[in-house]
Amino acid sequence: MKSTVLARYLALVALTVCTTAWAQKRDDALFAAAQGAQAAVIDTLQQLVMIESGSGNLPGLSRVADLAQARLQALGAQTERIRTSNSERVMVKGSFTGTGRLKAMLIAHMDTVYPDGILASQPYKLDGNRLYGPGIADDKGGIAVILHSLALLKAQGWTDFARITVLFNPDEEIGSGGSGALIESLAAQHDVVLSYEPTAAKSMAKVEGVLLSAAGTATATLEVKGRAAHAGAAPEEGRNALIELSHQMLATQDIAKGIPGAQLNWTYAQGGLVRNQIPEKAVATADVRLLKPDAAEKLKAALLAKTSESHRVPDTHVHVQLEVGRPPYVAGERGTALAQRARAIYAELDGRPLFFHPVTGGGTDAGFASGSGKAAVLESLGLAGWGFHARDEYIEIDSIVPRLYLTSRLLQDLGKAP
Ligand SMILES: [Zn+2]
């Protein structure tokens, strides 16, 4: 018993010493290789940006998939195109088999929010430290970082992993409805999932970072069924669904305040058909944000309890629904440990700081990846940039080398872990 404890303690000391020594020293060969790869990354970014790939642009998405698949094959991956479950869009999956124990998955998305023809008004262009183009940060930069980091690792002869899986999906900007389930089930087969959404540009956030949590989304619906009647001749025969809906909306407007990690706002409603009829039906919809895995369940239970507590209009029926979209992403203890490793790796680059963004209101596929709770998940390992979902989207060129170094070094480090 005692010797086991001692052995564990010694192993811990060895690990700590080893980690400390490692954390202090930059891998010069890897860093030089990352520097050497910068021009090729820019070339890849240009190729990706020049293919317009809005979520609705299926031919464009297919061309991005062709490019990504060819690159993965050239790196030695087994590749597959997998149709999304709800459309013709395809995902690209690449699998690498090594000789070690680590199972890691790297994810990024191929679609953008921009309409077809966007390049005419928002062209690809270089300006100082900035490289502009629609989707260049969100999320073509993520695809480029993954491809070129894997190229660096291949050039180093790195095989210290059991499996590296790469998944590029084509529907992130519209909720990942056709790819989220696969991301979740694949993630559960890996120890670690690294997600490559962009991080905020230094011109905005001062320091490059990673992301520790993101809200999940859901839609709450209240549907009231009453009884129609002539509003002038026999209003007492009716059961006004609109009045009952108003009552229930007021009763539940603050319901999420008592539930940690939940937020609810009624955002639109519809009731009644014509002026001279007591409305039979009324429906309200709420925008719901979730920051804890169990918040959806609790919110639904609270809505059900509250709406059955009192009725303003007798004989009306209230139906509550809560439809969960993208689940919340919470790095938790294991994701935060990954972030700490990332920070130590960044520190090797002349003490470059790495900021931990606590939360974002935007959704991310890291939510699906962390759904099963089996893999440690870290988000925002893509390039530093700004203007996502807006105008003049750009990346900062001086984030390319640090980000290539970060992913390569992090994977190597994870490959060594006991
Ligand atoms: Zn994105």
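Helices, which are DSSP runs of H or I with at least four residues, and strands, which are DSSP runs of E with at least two, are numbered from the N terminus. The model described here is predicted, so that local features need pLDDT of at least 70 and side-chain atom pairs count only at pLDDT 80 or more, while totals for chains, interfaces and linings use all residues. Residues are numbered from 1 along each chain as its sequence is written, and side-chain values use heavy atoms, with hydrogens and water left out.

The protein chain contains 12 helices and 21 strands. Along the principal axes, its C-alpha atoms fill a box of roughly 85 × 70 × 40 Å. Of the 418 residues, 51% are buried; here buried means under 20% relative accessible area, exposed means over 50%, and partly exposed lies in between, with a 1.4 Å probe and protein chains only. A contact means heavy atoms within 4.5 Å. Among contacts between residues at least 6 apart in sequence, 80% join residues at least 24 apart.

Of its 20 residues, 17 are buried, so α5 is largely enclosed by the rest of the structure. Just after α5, G157 takes a positive phi of about 75°.

The next subject is a sheet. Five strands form an open sheet with mixed pairing, in the order β4-β5-β21-β20-β8. The strands β4 (125–127) and β8 stand at the edges with a single partner strand each, so one side of each has no neighbour in the sheet. The helix α5 packs on this sheet and touches β5 (130–132), β20 and β21 (394–396); the direction of α5 makes about 55° with that of β21. Axes are lines fitted to C-alpha atoms, for helices over the stretch in contact, and angles run from 0 to 180 degrees between N-to-C directions. Two strands pair if DSSP finds at least two bridges between them. In general, strands of a sheet pair through backbone hydrogen bonds, either parallel or antiparallel. The strands β8 and β20 (residues 384–386) pair in the parallel sense over two bridges, and the bridge partner of A200 in β20 is G385.

The metal site comes next. The zinc ion is coordinated by H109 through NE2, by D138 through OD, and by E197 through two OE entries, at 1.8 to 2.7 Å. Donors are N, O and S atoms within 2.8 Å of the metal (3.2 Å for Na, K and Ca), and sites may look incomplete because water is not among the atoms. The four donor atoms subtend angles of 52 to 147° around the zinc ion, which makes the arrangement irregular. Four donors count as tetrahedral if all angles lie between 85 and 135 degrees; four count as square planar and six as octahedral if opposite donors are over 155 degrees apart and all others between 65 and 115; anything else is irregular. In sequence, the donor residues follow the spacing H-x28-D-x58-E. D138 lies in helix α5 (residues 136–155) and E197 in the loop between β7 (192–195) and β8 (199–200), so the pair ties together parts that are 59 residues apart in sequence. D138 is buried, with a relative accessible area of 7%, and E197 is also buried, at 11%.

Charged side chains form a further set of links. Side chains of opposite charge can pair when their charged atoms come close. A salt bridge is a side-chain nitrogen of Lys or Arg within 4 Å of a carboxyl oxygen of Asp or Glu, and the whole structure holds 18 salt bridges. One of them joins D66 and R81, whose closest N and O atoms are 2.8 Å apart. D66 belongs to helix α3 (residues 58–74) and R81 to strand β1 (residues 78–83), so this pair links distant parts of the chain, 15 residues apart. D66 is partly exposed, at 40% relative accessibility, as is R81, at 33%. Another salt bridge joins R352 and E208, with the closest N and O atoms 2.9 Å apart. R352 is partly exposed, with a relative accessible area of 22%, whereas E208 is buried, at 1%. Salt bridges that share partners join K202, E208, R352, E396 and D398 into one network.

Finally, F368 lies in helix α11 (residues 366–369) and is buried, with a relative accessible area of 11%. Leaving aside neighbours within four places in sequence, F368 is in contact with several residues, including S176, I183 and P327.
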